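Subject: Structure for you to look at

Hello,

Here is the structure that I said I would pass on. Please open it next to this message and follow the notes below.

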Amino acid sequence: MALTILQGFLISILWLAVLASGFSEDSPTDRRVLVLLDDFAIKSSHSLFFKSLEIRGFDLDFKLADDPKLALQRYGTYLYDAAILFAPTTERFGGSIDAASFLDFVDSGHDLILAADASSSELIREIAVECGVDFDEDPAALVVDHTSYAVSEEYGDHTLIASDDFIESDVILGSKEIKAPVLFKGIGHTVNTANSLVVKVLSASSAAYSADPNAVLSNSPTLIGSSISLVSVVQARNNARILISGSLSMFSNRFLRSSVQKAGSTSKYEKSGNEQFLAELCRWVFHERGHLKALNVKHHKVGEVEEPSMYRIKDDVEYSVEVYEWSGTSWEPYVADDLQLQFYMMSPYVLKTLSTDQKGLYYTSFKVPDVYGVFQFKVEYQKLGYSTISLSKQIPVRPFRHNEYERFIPAAYPYYGASFAMMGGFFVFTLSYLYTK
């Protein structure tokens, strides 16, 4: 009995040690990653992609998607910081996991990579829809492009796309230019333009369309042109990040090593842009880039250092905050010129752009408006590719007390003069009336 208790205690300590080594606010990069596969053969056929993650320090746990012992959490604590779903044909996950489990996983702030293909199941499509992406409903449809296809003897139906229509964002795809086109063979999807959380990272050309390449087109395709997204990313409001691709093959060793020549171009590249594209994109998804944090939020009256319990109208106030960006190994000062402060009550009464010392400190000063009530210092920072900063501090603002007003208000001098002029005039009139006949 005592031995059993001791073993349970040691196992608990081991789990605590494992969990403590993962995701944290001080070191936000994901480390424990669950990889779900349709078949363990994918582990070999996509080994270059997996190896690139392991080299960067990620601990990959490979499991079959229908493993009956599959679990995302234990004792109310998530076992993984991120998940990779390379199981497009899976109709049902093993264990107690379903589509809602992965949505809860994301809602809890964890990251997800999802790859689909032409044989994608309803389960995978359901997860994608909940993340803001709609795949083509035709199960036989592939993205076809007769102008931006990759020159290939094997794929004569122009379904092997060579796309170089990347999003213009150094945060998401890095500052180094991706020169070679990315090879893509799979299904297209659309994103809701009203949903600002979903962003197209790799788009099809204006001549592309989604249809069954082996059938004669009798009707106009539902997905056409540059509205087709090949790869999209989502950054949720809780800063969880999701990558959704319509091609599992684009992660494969074959596509990563393949040479590429785009139709109509004389340039032939010894290596496709897939490896660089996916490496940079995964750095963003796993918070190695574009992750911000705010520290040391302070506000006080000018000339003071202590934060007051309330302000008075027309007080001069100073506000400061420190903002840093995770570089993958350490926190570096974040430098920008578009961080703004709102002094807010129902609507912003003061809107100020924060100045910076180029070392992470942002600051400004302003005069409290001549309105009393309960205000908030608010910083709402949303920028493409960066995690959201949302800061709010509530503070009451009171009016002047009766003994804090100026004894003589300069603006009232004309009224003071009029009063004394009336008294003087009445005195002169009285003398004149009494002593003049």
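Predicted model: local features only at pLDDT ≥ 70, side-chain atom pairs only at ≥ 80, totals over all residues.

**Helix α4 and what follows**

Residues are numbered from 1 along each chain as its sequence is written, and side-chain values use heavy atoms, with hydrogens and water left out.

Helices (H or I, at least four residues) and strands (E, at least two) are DSSP runs, numbered from the N terminus. Helix α4 covers residues 99-107, and its buried residues are Ala 99, Ser 101, Phe 102, Leu 103, Phe 105 and Val 106. Here buried means under 20% relative accessible area, exposed means over 50%, and partly exposed is in between (1.4 Å probe, protein chains only). These buried residues pack against the strands β1 (32-37), β4 (77-78), β5 (82-86), β6 (111-115) and β16 (241-245), and against helix α5 (122-130). A contact is counted when heavy atoms lie within 4.5 Å. At the start of α4, the backbone nitrogen of Ala 100 has a side-chain oxygen of Asp 98 within 3.2 Å.

**Cysteines**

How many disulfides does the structure hold? The number is 0, where a disulfide is a pair of cysteine sulfur atoms within 2.5 Å. Cys 131 is in no disulfide, and the nearest cysteine sulfur is 16 Å away, in Cys 282. Seen from Cys 282, the closest cysteine sulfur is that of Cys 131, and 16 Å is too far for a bond. Cys 131 counts as buried because its relative accessibility is 8%. Cys 282 is also buried, with a relative accessible area of 1%.

Glu 280 belongs to helix α8 (residues 274-285). Is Glu 280 buried or exposed? Its relative accessibility is 15%, so Glu 280 counts as buried. Leaving aside residues up to four places away in sequence, Glu 280 touches Ile 172, Leu 173, Gly 174 and Arg 289.

His 287 sits in the loop between α8 and β19 (291-301). Its phi is positive, about 65 degrees, although His 287 is not a glycine. His 287 counts as buried, at 2% relative accessibility.

**Met 346**

Met 346 lies in the loop between β23 (340-345) and β24 (347-353). Met 346 has a positive phi near 70 degrees and is a residue other than glycine. Met 346 is exposed, with a relative accessible area of 75%.

**Asp 59**

Asp 59 is part of strand β2 (residues 59-64). Not counting residues up to four places away in sequence, Asp 59 touches Arg 31, Arg 32 and Val 33. Gly 95 is 36 residues from Asp 59 along the chain, and their C-alpha atoms are separated by 22 Å.

**The largest pocket**

The largest pocket holds about 320 Å³ of space. On a 1 Å grid over the protein atoms alone, a pocket is an open set of points where a 1.4 Å probe fits, with protein on both sides within 12 Å along at least five of seven lines; lining residues have an atom within 4 Å of a point. The volume is the space filled by probe spheres set on the points, which are joined across faces, edges and corners. Of the 16 lining residues, Ser 196, Leu 197, Gln 235, Gln 382 and Thr 388 are the closest to the centre. Strand β15 (residues 229-235) gives the largest share of the lining, 3 residues.

Regards

Terms used
Polar contact = N/O pair within 3.5 Å; in protein donor to acceptor, adjacent residues only side chain to side chain.
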